[in-house]
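Thanks for coming, everyone. Let me put the model up on the screen, and then I'll walk you through the inside of it.

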Amino acid sequence: MLKLQSVDIQALRIFQSLYTKKWPNYCQEYNILSNIIEFAKVEPKLGNINAYTLEDEQAKKLGLFLIVDRYQLFVGCLGQSLELLEQALHQLDWSRGVLCTSMPQRYLATVLKVIRAKQLDIEFHHESDLYQLSKEKALQLNIDCPEGFQLKPLSEEDAQLIDQEWPYSHEGSLYFLQRQIRLCPSMGLYDKQTRKLIAWCIRTQDSLLAALHVDSKYKRRGFGTIVVKAISQCIAALGDDVAAEIYSNNKASCSLFLKLGFQVIDQCHWINTAPTIGKFTWPEGQ
């Protein structure tokens with residue numbers, strides 16, 4: 001049985017280069033690797049992010065990786081056969097519960113096979129559409145910030161409000177939001193007079209637009225569209241395409257992104273497995 005081994009940043013860079021082929025087919029894998037590499041560069045002591053592959057040359061040629069970011073799992077493996085990925089997943093520690101995050105459709109059968117073999121309980125399984133906008137198109141978006149308002153990156157102090165309004169707020173989400181605001185592009189729309197934050201969007205560790213929200217008192221004024229345009233341009237200026245995941249039944253968001261030129265390029269899955277050793281509580285600030 002092949003064993004898991006930790007992967008250093010140099011190896012992750014080699015893996016990342018493999019996922020540029022057939023772009024944007026493997027954009028999710030490329031993006032998570034890109035951000036984890038950048039995180040390590042900017043904050044070398046950032047904890048609770050671990051990357052693994054198998055002790056096998058073929059696995060390395062396929063760019064096989066498992067990235068565990070606290071309780072979130074991101075996977076990648078090139079090629080048609082995913083037997084090596086299955087072996088790697090079997091050796092992963094699932095005892096605290098794992099959230100398989102933004103997992104492209106191609107990995108679904110393999111991951112579910114491992115979950116069944118380990119007799120893990122699935123707390124939820126959601127499917128979403130992956131939308132993408134090329135950096136070239138993002139740079140052409142016209143942004144018309146309304147008078148009396150200001151667009152600027154979010155601050156970590158804004159994370160408290162964002163967490164309160166986020167439908168997916170949970171234990172540890174405040175830390176996540178603070179980290180993403182600190183390390184990735186973000187955008188907020190502020191009332192100049194009151195300095196109140198009234199609309200916002202962040203970018204996740206796998207480069208998805210997320211937590212898009214407009215204050216209820218300011219809805220139906222196009223502020224969500226303005227924020228998406230602004231953060232998209234910031235991301236494109238870094239040389240990256242822009243991506244987002246949306247549930248197909250969220251018609252308003254689907255319409256917004258399609259009008260801006262985004263296209264659906266894949267389906268992704270979120271699968272949360274229940275812990276097997278009782279609930280684990282993350283220490284504050286981790």
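Ground rules. This is a predicted model, where local features need pLDDT of at least 70, side-chain atom pairs count only at pLDDT 80 or more, and totals for chains, interfaces and linings use all residues. Residues are numbered from 1 along each chain as its sequence is written, and side-chain values use heavy atoms, leaving out hydrogens and water.

Cores. By that I mean sets of buried Ala, Val, Leu, Ile, Met, Phe, Trp, Tyr and Cys residues joined through side-chain atoms within 4.5 Å. Buried is under 20% relative accessible area, exposed is over 50%, and partly exposed is in between, with a 1.4 Å probe and protein chains only. The largest nonpolar core holds 47 residues. Leu73, Leu85, Leu89 and Trp94 touch the most other members. Apart from that core lies another, of 29 residues, with Leu189, Phe223, Phe257 and Phe262 among them. In soluble globular proteins, nonpolar side chains tend to be buried together.

Stay on Trp94. Contact means heavy atoms within 4.5 Å. Setting aside neighbours within four places in sequence, Trp94 is in contact with Leu73, Leu89, Cys100, Val114, Ile115, Lys118, Leu120 and Thr273.

Now helix H5, residues 108-117. Helices (H or I, at least four residues) and strands (E, at least two) are DSSP runs, numbered from the N terminus. Which residues of H5 are buried? Leu108, Thr110, Val111, Leu112, Val114 and Ile115. Their cover includes helix H4 (83-91), S5, strand S6 (122-133) and S12. After H5 comes Gln119, with a positive phi near 55 degrees.

Gln72 lies in strand S4, residues 72-76. Buried or exposed? Gln72 counts as buried, because its relative accessibility is 7%. Its side chain makes a polar contact of 3.0 Å with that of Gln205. A polar contact is a pair of N or O atoms within 3.5 Å; within protein, one must be able to donate a hydrogen and the other to accept it, and residues adjacent in sequence count only if both atoms are side-chain atoms. Beyond four places in sequence, Gln72 also touches residues including Phe176 and Trp270. Its C-alpha sits 9.4 Å from that of Ile49, 23 residues apart along the chain.

Asn272 is in strand S12, residues 263-273. Asn272 is buried too, at 14%.

On a 1 Å grid over the protein atoms alone, a cavity is a set of points where a 1.4 Å probe fits but cannot get out, and lining residues have an atom within 4 Å of a point. Grid points are joined across faces, edges and corners, and a volume is the space filled by probe spheres set on the points. How many cavities of 30 Å³ or more does a search of the whole structure find? One. The largest cavity has about 80 Å³ of space. H2, S4 and strand S5 (99-104) each give two or more residues to its lining. S5 has the largest share, four residues. Lining residues of this cavity include Gln28, Leu73, Thr101 and Asp206.

Definitions and conventions:
On a 1 Å grid over the protein atoms alone, a cavity is a set of points where a 1.4 Å probe fits but cannot get out, and a pocket is an open set with protein on both sides within 12 Å along at least five of seven lines; lining residues have an atom within 4 Å of a point.
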